Amino acid sequence: MFGFLHIVCSKGVFFLREKIKTFLAVCVLILAAPYIVTLLFQGSETSTEAGKGEPVIEERFLPQENSDKDKLDEEQYLAGIVAEEISLDSQPEAIKAQAVIARTLLAGALEREEELPQSMSREEMLSLWGQDGFEQNYRALEAALTATEGEILVWEDAPIQAAFHAVSAGTTRDARDALGTEISYLKSVDSSMDIPSHDYLHVSFLEKKDLADRLNEAYPDAELTAEGVVSEIVIVKRDDGEYVLEIAAGKHTMTGEEFRNCLGLNSACFSLKEVEGRVRIVTKGMGHGLGLSQYGANEMAKAGSDYIEILQYYYKDVELKKNQNE
């Protein structure tokens, strides 16, 4: 008797479980149906092929569904460029100047169908700054972009090559010396306000063998020796700002920028000397030295200059105009 009741109860529980499973499966199907239908209809419309010759913008910066203005997304991309290029602890007028530079570089890249400047996404900003830092820094970005909305630097109605660097060696460089070509708006200007920067002067030491090995690895025809490496490296030519234009390393001649990149120096404004059996390398400034000095721009902002005055100081005879493509 008890065995029969046990069998009956077990079957009842089994059927009850099966009914519950069926009910849950139906609910899941009902809830998932709209999503499945959406995938079926959208699948044939999705393409991963970019238009030939068009600048590629990462998917995270493309217009979101129901967005009615491409400009909003371009400004978001622009905010990421500025965030990449300058510390947002800088003076507001310096950030505005950098915003104009970034917009100019972006406009030029889009116009010439070149690779776009690197940009940070909101997710990357959040990861870098944290929630509190993100809110504060993004407000600074938005303020700079709003204050300079649509403004770019032009020369002969085209976006300029808005070169910039972190810290000069006391003066910025002339494009004729640095690039070997005349660019009327990239002229050398005094930037002695950079001198107090902790990045203005940097001293490093290398073992003679390490220096010879690194240069020989990059330029095998140099044939430098460890013992004679200092005497075998000769600075051939400098520009007016003391940046090295040409340097002979053994049997190989290179530019100052190539030497700088090979050794990871702060700038091409450097000198070498043997001190107590090692090679002392002294560099001035940080970056290539062309165009605007960010440290100098920040110092000008502290002294009361606005972003227009800052830009007009570092870029000669350019115009600030609204971008017609926006």
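Trainee: Which residue just after α9 takes a positive phi?

Mentor: That's glycine 304, with a phi of about 110°. Keep in mind that this is a predicted model, where local features need pLDDT of at least 70, side-chain atom pairs count only at pLDDT 80 or more, and totals for chains, interfaces and linings use all residues. Residues are numbered from 1 along each chain as its sequence is written, and side-chain values use heavy atoms, with hydrogens and water left out.

Trainee: What makes something a helix in the count for this protein chain?

Mentor: A helix is a DSSP run of H or I with at least four residues, a strand is a run of E with at least two, and both are numbered from the N terminus. The protein chain has 10 helices and 11 strands.

Trainee: Why is valine 229 called buried?

Mentor: Buried means under 20% relative accessible area (over 50% is exposed, in between is partly exposed; 1.4 Å probe, protein chains only). Valine 229 has 0% relative accessibility, so it counts as buried. It sits in helix α7, residues 229-232. Of the chain's 326 residues, 39% count as buried.

Trainee: Which residues does valine 229 contact, leaving aside its neighbours within four places in sequence?

Mentor: Contact means heavy atoms within 4.5 Å. Valine 229 touches Lys208, Leu211, Ala212, Leu224 and Val279.

Trainee: Which residues of α9 are buried?

Mentor: In α9, residues 294-302, they are Gln294, Gly296, Ala297, Asn298, Met300 and Ala301.

Trainee: Why are α3 and α9 called oblique?

Mentor: Under 35 degrees is roughly parallel, over 145 roughly antiparallel, 65 to 115 roughly perpendicular, and the rest oblique. Axes are lines fitted to C-alpha atoms, for helices over the stretch in contact, and angles run from 0 to 180 degrees between N-to-C directions. α3 and α9 pack at about 135°, with their axes 7 Å apart, and that angle makes them oblique to each other. Glu93, Ala94 and Gln98 of α3 meet Gln294, Ala297, Asn298 and Ala301 of α9.

Trainee: How do you sort the residues in that contact of α3 with α9 by class?

Mentor: Ala, Val, Leu, Ile, Met, Phe, Trp, Tyr, Cys and Pro count as nonpolar, Asp, Glu, Lys and Arg as charged, and the others, Gly among them, as polar. That gives three nonpolar, three polar and one charged for α3 with α9.

Trainee: What makes α3 roughly perpendicular to α4?

Mentor: The axes of α3 and α4 (residues 122-147) cross at roughly 65° and come within 9 Å. That angle makes α3 roughly perpendicular to α4. The contact is made by Ile95, Lys96, Ala99 and Arg103 of α3 and Ala140, Ala144, Leu145 and Ala147 of α4. By class, there are six nonpolar, no polar and two charged residues.

Trainee: Why is α3 called oblique to α10, then?

Mentor: Helix α3 (residues 92-112) and helix α10 (residues 307-314) have axes that come within 8 Å and cross at roughly 60°. That value makes α3 oblique to α10. Glu93, Ala94, Lys96, Ala97, Val100 and Ile101 of α3 contact Tyr307, Ile310 and Leu311 of α10, giving seven nonpolar, no polar and two charged residues.

Trainee: How do you know whether the crossing of α3 and α10 is left-handed or right-handed?

Mentor: A crossing is left-handed if the near helix is turned anticlockwise from the far one by less than a right angle, and right-handed if clockwise. The crossing of α3 and α10 is right-handed.
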